[in-house]
Amino acid sequence: MGSLYSSERAVILEFLSASGAAASDISIIVVATVLSVLCFIGLIILLCRFADFGGKVKNTALIFAGILVAGLALRLVFALCVRGSRDDYGVFTTMIKTLKLSGPAGYYNGDASGVLYPIVYFVYLIFGGLANAMELSYQSLGMQFMIKLPLIIADLLTAVAVFKIADRYVNRATALVLAGFVCVCPIFFIGSAIWCSPITFVVMFACWACYFLARKNHAATIVFATLAAFSGKEGIYLFPVIFVFSVYHLVRAILNIRRDKVRGGAVLGADYRAVITVPVSFLLSLVVAYLLGLIMVHSYSANPFTYIYEFLLAPLSGWAYFTSDGLSVYSIFNRSGVSAGARFPSWLFVCLFTAIIFAVVGVVYFTKRNRATMVLLIAFTMLTMQVYYPGTTAISMQVTLAVMLAAYALNRDKRILYVLFLVGLCFAVNSLTTLSNIGQMNNLSDYNLEAAANGGIKAVTIACSVITVIAHLYFTVVAVSVGMTGQRRMLEGRRTIRGSLSEFFAVKKDK
């Protein structure tokens, strides 16, 4: 009788435990979704309030510091409550274990998809070394903190980049609003605080590349784009736009030099220096990334061509599935988690897709040759890659969202916010339900995890993908409209909540 009672009690406890875990997952999803919606509403109200702002903001440094502290605190709460994707988390712990057992040598195993990219690896030589020095257990909360802290710092640096863009090209009040939006809206910290993905570094470097592109600083743009590419496979999506922008200014500088017969130090003038900064920056950025990567690439025999191929080019056609619970057209047709097959012409697909992207970017950019348009084209390119290119994941959309916000700061077309709202909400719901469905939205040790499901909830992923594809089609119209005609639909000043929402949704003629 006692054993029967114990057995029944164990079954009840197991059921309550499972139900409690499911309830906690739903709570996080609901809180994150509601918070995202509230953040968007708050963003609209404040953008309308400061649309015509022309004064000075007192205590800017103090306000900005408070925003960053709020972003840090919010991320730490989620970071210490949810370990996140055990696959991505395991990439970090494996690197730290290898560092402890073998030192920097021998980490790379011949598969770029299963290791940290060189720039991220370099960062975790510091934080992983500290974790090993403190003898933290790989399943401990302390190790979880050490792994997620650099991701959170990268998040906050993304907010700084968005602030600097808006501060320079809009106004100080709007800059604080957009930075606050990045800090408190869940769509911008799912990757760092919840999922635990190195994609956060790509997001940060991509936003800084956009900032320097807007400032027409070719050298810094190329360097930060290269850092993004050597931080994660999504970083390479920056290069079609960066290449068109850089080559155009290189050619124009050469023509200016020939026309003006410039000699000597005069080449360093604003109209001519691209002839030096563009090629030198491309070369030096690759050299620096390669030297950092030498720590982990003993299997390359120090061959830089193999190194560059493995991290920059091979991932373009090396995806295992059409998509992995990502927001893409393949999810709509139930191809999520389905192998592409040996006969799928992956490299032909890569070449055709690259040609189309370059053509679109070239046509739109050369129509107006506007730097703000280039950042908009980066956002458009990244969203296109996420929606139509095989190999996307549930978390990879986060890069697009941050760049899209940077594009809004430069173009101020409210239609960009429409796309950001739809795609951001779909991203939050899809990524969190995916993590919940595989049983990993918790802080349990790996050996306590139950058997995971196969992936995201199909109905949720399909529905979110449909909305994302529609949003992409609309974004295509917006990109062409803004890029080729220069016409924009900007928010006008409003003081009330109702007036702000009406202004946001009002249909107006382009200006």
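**Cavities, pocket and helix pairs**

Tutor: This is a predicted model. In the second largest cavity, the lining comprises six nonpolar residues, one polar residue and one charged residue.

Student: Which residues line the second largest cavity, and how much space lies in it?

Tutor: The lining is formed by K233, Y237, P315, L316, W319, Y389, P390 and G391.

Student: How many cavities of 30 Å³ or more does a search of the whole structure find?

Tutor: The search covers the whole structure and takes cavities of 30 Å³ or more. The number found is three.

Student: Which helix gives the largest share of the lining of the largest cavity?

Tutor: The largest cavity is lined by K216, H218, H249, R252, A253, N256, A270, D271, Y272 and A274. By class, these are four nonpolar, three polar and three charged residues. Helix α10 spans residues 239-260, and H249, R252, A253 and N256 of the lining fall in that range. The largest share, four residues, comes from α10.

Student: Which residues are closest to the centre of the largest pocket?

Tutor: The largest pocket is lined by 45 residues. By class, the lining has 16 nonpolar, 20 polar and nine charged residues. Those closest to the centre are D88, S113, K233, S324 and T393.

Student: Which element supplies the largest share of the lining of the largest pocket?

Tutor: At least two lining residues come from each of α3 (86-102), α12 (304-317), β1 (323-324) and β2 (392-393). The largest share is four residues, and the element that supplies it is α3.

Student: Why are α17 and α18 described as roughly antiparallel?

Tutor: Helix α17 (residues 414-437) packs with helix α18 (residues 458-485), their axes 9 Å apart. Angles over 145 degrees count as roughly antiparallel. The two helices are therefore roughly antiparallel, because they pack at an angle of about 160 degrees.

Student: How many nonpolar residues are in the contact of α17 with α18?

Tutor: The α17 side includes I416, V419, L422 and V429, and the α18 side includes V460, I467, F475 and V478. The contact also has six polar residues and one charged residue; Arg counts as charged, so R415 is that residue. The nonpolar count is 15.

Student: Is the crossing of α10 and α15 left-handed or right-handed?

Tutor: The axes of α10 (residues 239-260) and α15 (residues 371-388) come within 9 Å and cross at roughly 155 degrees. That angle makes α10 roughly antiparallel to α15. The crossing is right-handed.

Student: Which residues of α10 and α15 meet, and how many of them are nonpolar?

Tutor: V241, I242 and F245 of α10 meet R371, M374, L377, I378 and T381 of α15. One residue of this contact is polar and one is charged. The nonpolar residues number six.

Student: How many charged residues are in the contact of α8 with α9?

Tutor: The axes of α8 (residues 199-214) and α9 (residues 218-229) come within 8 Å and cross at roughly 165 degrees, in a left-handed crossing. In α8, V202, F205, A206, W208, A209, F212 and L213 meet A220, T221, F224, A225, L227 and A228 of α9. Twelve residues of the contact are nonpolar and one is polar. The contact has no charged residues.

Technical notes
Residues numbered from 1 in each chain as written. Predicted model: local features only at pLDDT ≥ 70, side-chain atom pairs only at ≥ 80, totals over all residues. Heavy atoms only, no water. 1 Å grid on protein atoms, 1.4 Å probe; cavity = no way out; pocket = protein on both sides within 12 Å on 5 of 7 lines; lining within 4 Å. Axes fitted to C-alpha atoms, helices over the stretch in contact; angles between N-to-C directions. Parallel < 35°, antiparallel > 145°, perpendicular 65-115°, else oblique. Contact = heavy atoms within 4.5 Å. Left-handed = near helix turned anticlockwise from the far one by under 90°. Points joined across faces, edges and corners; volume = space filled by probe spheres on them.
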